[in-house]
Structures are given as C-alpha cells and as structure tokens.
Amino acid sequence: MAGTILFGAPYSVYVRIARLTLEEKAAAYELVPIDIFAEGGPPAGYLERHPFGKIPALEHQGFRLFETDAIVRYLDEVLPGPALTPPAPRERARMTQVMRVLDNYGYPSLVWGVYVSEAGSPADRDPAKLAAAIDPARRCLAVLDGLLAGPCFLGDALSLADLHAAPMLTYLSLAPSGRTLLAETPRLGAWLQRMAARPSLRATAFPAEDQSAAPLA
Ligand SMILES: N[C@@H](CCC(=O)N[C@@H](CS)C(=O)NCC(=O)O)C(=O)O
C-alpha cells in the first residue's frame, strides 16, 4: 500500500492530533474510517494494525505504526514542511512535558470528565463525573496556562505541543462548564482562539463542532 493512510474517526481527539500534524505539513493522506465505538467494535482485521483496538493507526509507505506520540514524531521527521519539534533539548523536553500533561491529566479530566459528562451523547452524560472532574480540569488548565511561553506553547513557533493540546481544549470549549473554566485562564483561552483560526484546525473540525449532540471523544 503506497502513500499515507490514517485509520480512525473524525470525532477522535487522537486522530485529530495526527491529522493536524499531516495538515500542518501540507501532506496528502487518506483517512480510512474506523469507528471503535461501533456496535461490535472495530472491524476484526483492525487489531492487526492496533492490537489495543484504539485509534489512530498509521500506514506510511508500507510502514505501520500505532500510538499517537510515535506517529506524530515520525511524521514530523519524515515529511517535508515546517519542523514541529524544536532542536534545543530544553525546548524539546518542555514540548514533551506539555504532551504528557495532556495525555495523563488533560484527556481524562477535560475531555471525558467535563466534555463527555456534560455535553457528550445523552447516554454518557453524568453529573457526578462532571462534578468530580472540575477540580482536576481546573488544575490542568492552570498548569498548561503556566507552561505557555508565548503565542504558541514553546514561544513563537508552532510545535507538536500545540497540536496535541488543540483537540482536547476544543472539546472542553464545547461544554458550558468548560467555557467557564477556560475563562479562568484567559491566556490559554486566547491561545485556543488563535489555534481555532488555523486552516489545519478548520480542515479537521469535530462533527460535534457543527452539532448540538456530540458523539464520544
Ligand atoms: N495511547 C493512545 C490513545 C488513543 C485513544 O485513546 N484513542 C481513543 C479515541 S480518541 C480510543 O481509541 N478510544 C477507544 C477505547 O478507549 O476503547 C494513543 O496515543 O494513540
């Protein structure tokens, strides 16, 4: 199989992170739909691409890869276009720190805790989970706000940290409580507005950005 193929669904945070990397590199790619939340799960053969049954998975010129962090760092290295990883060790470490904060503390609290529990599909709404997520989400936003070093996370240059953060904070902004929390960190709110205006974000909008009822993240 030639070219660049990404397997996943447009509602997924992690699929969007990979798509943003491809878009910022102006790379041509095919998005092959895989819905892990479909009744009966993903197609049987998909586990050969991702043994844990998650999305995304990548195939690039015959090379198969899963785990978003591995995918975006690989794409950044092999594709032409602006570098999304800084050369200096401290900046690179900061970028990795932001990405791991988002995976370990942001995704559970901002996406599942606030967005899905408050504004996701009706079956997933859960006031108790929402209430429990407010403090962790607030802490996470304060930490991210403190890590912002300029118009982008690392200063002037866009990096993988910005592309990792944008989908999670976009979902957060679709929930009323998320918008209230974001108002407490105005620098981060302004960063999200700048990111939302980028063509890469516009080209990969979540279905929920156009709808009142949202699917799972
Ligand atoms: N560690 C994985 C996480 C990917 C992930 O959690 N993807 C979500 C969609 S955004 C998923 O596949 N969830 C399905 C599930 O948890 O069963 C990565 O970085 O690629």
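## Cysteines and ligand site in a predicted model

A search of the whole structure finds 0 disulfides, a disulfide being a pair of cysteine sulfur atoms within 2.5 Å. C140 takes part in no disulfide, and the nearest cysteine sulfur, that of C152, is 18 Å away. C152 is likewise in no disulfide. C140 is buried at 4% relative accessibility, and C152 is buried with a relative accessible area of 8%; buried means under 20% relative accessible area (1.4 Å probe, protein chains only).

This is a predicted model, in which local features need pLDDT of at least 70 and side-chain atom pairs count only at pLDDT 80 or more, while totals for chains, interfaces and linings use all residues. Residues are numbered from 1 along each chain as its sequence is written, and side-chain values use heavy atoms, with hydrogens and water left out.

Polar contacts, that is, pairs of N or O atoms within 3.5 Å, include the following.

| Residue | Protein atom | Ligand atom | Distance |
|---|---|---|---|
| K54 | polar side-chain atom | oxygen | 2.5 Å |
| I55 | backbone N or O atom | nitrogen | 2.9 Å |
| T68 | side-chain N or O atom | oxygen | 2.7 Å |

On its own, the ligand has 510 Å² of accessible area, of which the protein covers 79%; accessible areas come from the Shrake-Rupley method with a 1.4 Å probe.

Note on methods:
A polar contact is a pair of N or O atoms within 3.5 Å; within protein, one must be able to donate a hydrogen and the other to accept it, and residues adjacent in sequence count only if both atoms are side-chain atoms. Buried means under 20% relative accessible area, exposed over 50%, partly exposed in between (1.4 Å probe, protein chains only).
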